[in-house]
Amino acid sequence: MDWTWFHRFGSPPHFYRIAGKLIPWCAWLAAISGVAGLIGGLVLAPPDYQQGEGYRIIYVHVPAAVLSTMAYATMATAAGVGLIWRMNVAHAVAASCAGIGASFTFLALVTGSLWGRPMWGTYWQWDPRLTSELVMLFLYLGYMGLRGAIDDTARADRASAVLALVGVINLPIIHYSVDWWNSLHQGHTLLKFGKPSMPPSMLVPLLLAMLAFVLYFAAIVLVRARGEVLRRERNARWIAELLGAPS
Amino acid sequence: MMHWLAMGGYWPYVWPSYLLTLLVLVLNVTFAQRSAQRARMDALRRAQSAAAPQGRS
């Protein structure tokens with residue numbers, strides 16, 4: 001297999017250019033699918049036969065929760081790539097994921113709590129799914145705190161990458177918590193064998209909302225990572241040329 | 001319209017969820033743009049000062 005694309009992606013000017021081209025595409029597609037998902041979820045989808053209109057929190061809760069774990073997986077993968085191949089761009093991407101991931105973990109917890117109150121009768125329960133998601137919030141905050149505490153970027157990259165990789169153990173725990181333990185949280189709706197347990201009128205807006213969140217995440221990570229690359233490479237010649245400064 | 005806003009009585013849970021989501025989405029855009037802008041300005045400043053003549057100092 002030809003791996004040149006991989007090494008090219010690790011070149012900061014190349015990454016900077018490609019990311020700049022991808023951002024508007026991700027942002028516009030996120031906006032379009034987001035609006036479609038919102039209309040579908042809040043207006044077109046029928047009420048649930050058990051939860052009535054209250055279930056509509058699903059259209060923000062599930063995408064936020066999915067994104068919170070996806071952002072962690074992206075962060076850990078990028079951190080691992082950065083650690084193994086000493087790729088500065090990968091570390092920049094990893095560092096860019098943390099804040100967004102933390103905010104979406106927080107969002108998943110709060111919207112879940114707001115959904116739990118009317119349906120379970122409580123805002124919070126030390127349930128395996130909820131607790132493991134909370135642990136992930138602390139992992140994100142620990143990662144950000146660790147990076148912030150180390151001045152030397154290369155050392156911060158390595159130390160935080162190790163933390164991110166250790167925290168990966170929490171991802172399968174979050175995912176399978178509803179199977180492994182007797183959880184108050186409902187089981188899998190989408191990722192299960194056979195058909196998803198939702199009619200298309202409810203499912204399609206959910207998938208659109210998830211797509212919107214993922215594209216939104218990609219756009220924000222790329223914006224942040226471009227800034228991060230500029231910061232790391234600030235003395236490089238390509239930046240002076242790129243910014244049009246006389247050299 | 002009022003009927004829809006009431007969300008079958010679940011409005012105190014549904015609308016705060018959507019509002020908070022909107023807030024998180026907007027803040028992430030703002031922070032990301034601000035941080036990228038700062039990096040850009042900083043890089044531009046460095047590039048210009050590196051290109052400037054060093055004679056006077």
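**Entry 1: Gly40(A)**

I began with the surroundings of Gly40(A), which touches Ala45(A) and Pro205(A) once residues up to four places away in sequence are left out; contact here means heavy atoms within 4.5 Å. Before going on, I noted that this is a predicted model, in which local features need pLDDT of at least 70 and side-chain atom pairs count only at pLDDT 80 or more, while totals for chains, interfaces and linings use all residues. Residues are numbered from 1 along each chain as its sequence is written, chains are lettered from A and ligands numbered from 1 in the order in which they are written, and side-chain values use heavy atoms, with hydrogens and water left out.

Gly40(A) sits in helix H2 (residues 12–44) of chain A. Helices (H or I, at least four residues) and strands (E, at least two) are DSSP runs, numbered from the N terminus. I looked up the accessibility of Gly40(A) and got 8%, which counts as buried. My cut-offs are under 20% relative accessible area for buried, over 50% for exposed, and partly exposed in between (1.4 Å probe, protein chains only). I also noted a C-alpha separation of 8.8 Å between Gly40(A) and Leu208(A), which are 168 residues apart along the chain.

**Entry 2: salt bridges**

How many salt bridges does the structure hold over all chains? I found seven, each being a side-chain nitrogen of Lys or Arg within 4 Å of a carboxyl oxygen of Asp or Glu.

I looked at Glu228(A) with Arg232(A), where the closest N and O atoms are 3.2 Å apart. The two residues are four apart in helix H8 (residues 200–232) of chain A, so about one helical turn separates them. Glu228(A) is buried at 17%, and Arg232(A) is buried at 18%. Both also belong to a network of salt bridges that links them with Arg147(A), Asp157(A) and Arg231(A).

Next came Glu241(A) and Arg237(A), which meet at 3.6 Å, N to O. They too are four residues apart, this time in helix H9 (residues 237–242) of chain A, about one helical turn.

Asp42(B) is partly exposed at 23%, whereas Arg45(B) is exposed at 51%.

**Entry 3: chain B as a whole**

Chain B has two helices and zero strands. Its radius of gyration is 24 Å, well over the 10 Å that the globule rule gives for 57 residues, so chain B is more spread out than a compact globule. I took that radius over C-alpha atoms, and the rule is 2.2 Å times the number of residues to the power 0.38. Along the principal axes, the C-alpha atoms fill a box of roughly 75 × 15 × 10 Å. Of the 57 residues, 28% count as buried.

**Entry 4: nonpolar cores**

I then went through the nonpolar cores, which are sets of buried Ala, Val, Leu, Ile, Met, Phe, Trp, Tyr and Cys residues joined through side-chain atoms within 4.5 Å. The largest has 56 residues, and Phe15(A), Tyr72(A), Met75(A), Phe104(A) and Tyr140(A) touch the most other members. Helix H4 (residues 88–120) of chain A gives the largest share of this core, 13 residues. Another core of 20 residues lies apart from it, with Trp115(A), Met210(A), Tyr13(B) and Tyr18(B) among its members.

What does Phe104(A) contact beyond its neighbours within four places in sequence? My list includes Leu67(A), Phe213(A) and Tyr216(A), and from chain B it has Val24(B), Leu25(B) and Asn28(B).

In H7(A), I listed Asn170(A), Leu171(A), Ile174(A), Ser177(A) and Val178(A) as buried. Seen down the axis, the buried residues of H7(A) fall within an arc of 150°, so they line one face of the helix; the arc is that of the directions from the helix axis to the C-beta atoms. Their cover includes helix H3 (58–85) and helix H5 (128–149) of chain A.

Last, I looked up His185(A), found in the loop between helix H7 (170–180) and H8 of chain A. His185(A) is buried at 18%, and its contacts include His61(A), Trp120(A), Asp127(A) and Val178(A).
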